[in-house]
Amino acid sequence: MVHHKILCPCTGIFNVCVGVNSSPKDFLEAIKRPKAIFVGYIGQFVIKPFLGYLFGTIAVAAFHLPTSIGAGIMLASCVSGAQLSNYATFLTDPHMAPLSIVMTSISTATAVFVTPMLSLLLIGKRLPVDVRGMMSSIMQIVIAPIATGLLLNRFLPRICAAIQPFLPPLSVFVTALCVGSPLAINVESIVSPFGITILLLIFGFHASSFIAGYGLTGLIFRDAPDVEALQRTISYETGMQSSLLALALANKFFQDPLVGVPPAISVVLMSLMGFSLVMHWSKREQQIMT
């Protein structure tokens, strides 16, 4: 597909931005809380794939949508946490941002192996999955760009400091490019009668992920003094994932373009839902403080 040639470099640019905005100190700061990191990892690579499998199965079995749509929902649930969750955490609970960064970084680093294996487990019986190809692509799209950004931040700090103010708008522009292409190509499918069904299923998937992350954290850390901040952080980590990566993998490894529709919708819906929670929780915290 033509838009895959645009999507992969754009996703790589986004991940370079992530690396430039991070530092080794960020990755070391939150290692003091391994239990919280583990719970966040379970949210991203156990709870979220289970919910993706559930909603993907419902899409095909209950709503009689094409198998490729169900596979797209499952694929979106198999990728690592989204860097947007770090920003959401920073806006709500700034002191939790390093912990969020570590959670996302660990899931991103292990996605090279975990995402292809989860995809094979959940989708393999429905559509063929190229595990080796996925591993190679994730290395190129995610790991290498983030490592490049970290190295630039380490050895060329002045240049990184100069370009950092331009990175947020660049990330927004790159995201728009990544989302716009598949949405335009699949516009007939999205505006069709089953497009609303897909939208509702993706909404249900993300809503249940946010709720599951929040609830699980509340049960495990109910006696912690900062339990509410932890709940919000892990809720973001569980409910927000790298749908752009899922979109890139869908476009490269699946012949049916419909596989890319759920991840494309997920990018937009996940962002809207996540930052709606940011506004809700921030307003609530302000009311408590006053």
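The model is a predicted one. Its chain has 290 residues, of which 54% count as buried. The secondary structure consists of 14 helices and 0 strands, so that, by the DSSP assignment used, the pattern along the sequence reads α-α-α-α-α-α-α-α-α-α-α-α-α-α. Among contacts with a separation of 6 or more, 83% are accounted for by residues 24 or more positions apart. The chain exposes about 13,200 Å², and carbon and sulfur atoms supply 72% of that area.

An unreviewed UniProt entry carries the annotation "transmembrane region" for residues 38–63, 101–123, 135–153, 165–185, 197–221 and 260–281. Two of these spans may be examined in the model. Residues 38–63 are 92% helix and 0% strand, with end C-alpha atoms 35 Å apart. Residues 101–123 are 100% helix and 0% strand, and their end C-alpha atoms lie 29 Å apart.

Helix 5 covers residues 84–92, and its buried residues are Ser85, Asn86, Ala88, Thr89 and Thr92. Viewed down the axis of helix 5, these buried residues fall within an arc of 160°, and they therefore line one face of the helix. Thr104 belongs to helix 6, which spans residues 97–123. Is Thr104 buried or exposed? Thr104 counts as buried because its relative accessibility is 2%, and the cut-off for burial is under 20%.

Ala76 is located in helix 4. With a relative accessible area of 1%, Ala76 is buried. Not counting residues up to four places away in sequence, Ala76 touches Gln241, Ala246 and Pro263. The C-alpha atoms of Ala76 and Ala250 are separated by 9.1 Å, although the two residues are 174 residues apart along the chain.

Side chains of opposite charge can pair when their charged atoms come close. How many salt bridges does a search of the whole structure find? The search finds 3. One of them joins Arg33 to Asp226, with the closest N and O atoms 2.7 Å apart. This pair links distant parts of the chain, 193 residues apart: Arg33 is in the loop between helix 2 (24–29) and helix 3, and Asp226 is in the loop between helix 11 and helix 12 (227–239). Arg33 counts as partly exposed, at 29% relative accessibility.

Arg232 forms a salt bridge with Asp93, in which the closest N and O atoms are 2.8 Å apart. Since Arg232 lies in helix 12 and Asp93 in the loop between helix 5 and helix 6, the pair ties together parts that are 139 residues apart in sequence. Both Arg232 and Asp93 are buried, with Arg232 at 3% relative accessibility.

Arg232 also forms a salt bridge with Glu228, where the closest N and O atoms are 3.9 Å apart. Both of these residues lie in helix 12, 4 residues apart, which is about one turn of the helix. An α-helix has 3.6 residues a turn, so residues three or four places apart point the same way. Glu228 is partly exposed, with a relative accessible area of 33%. Through salt bridges that share partners, Asp93, Glu228 and Arg232 are joined into one network.

Key: Residues numbered from 1 in each chain as written. Predicted model: local features only at pLDDT ≥ 70, side-chain atom pairs only at ≥ 80, totals over all residues. Heavy atoms only, no water. UniProt positions renumbered as here; feature names shortened; annotations may be inferred. Helix = DSSP H or I, 4+ residues; strand = E, 2+ residues; numbered from the N terminus. Buried < 20%, exposed > 50% of the residue type's maximum accessible area, 1.4 Å probe, protein only. Arc of directions from axis to C-beta. Contact = heavy atoms within 4.5 Å. Areas by Shrake-Rupley, 256 points an atom, 1.4 Å probe, with all protein chains shown as cover. Salt bridge = Lys/Arg side-chain N within 4 Å of Asp/Glu carboxyl O.
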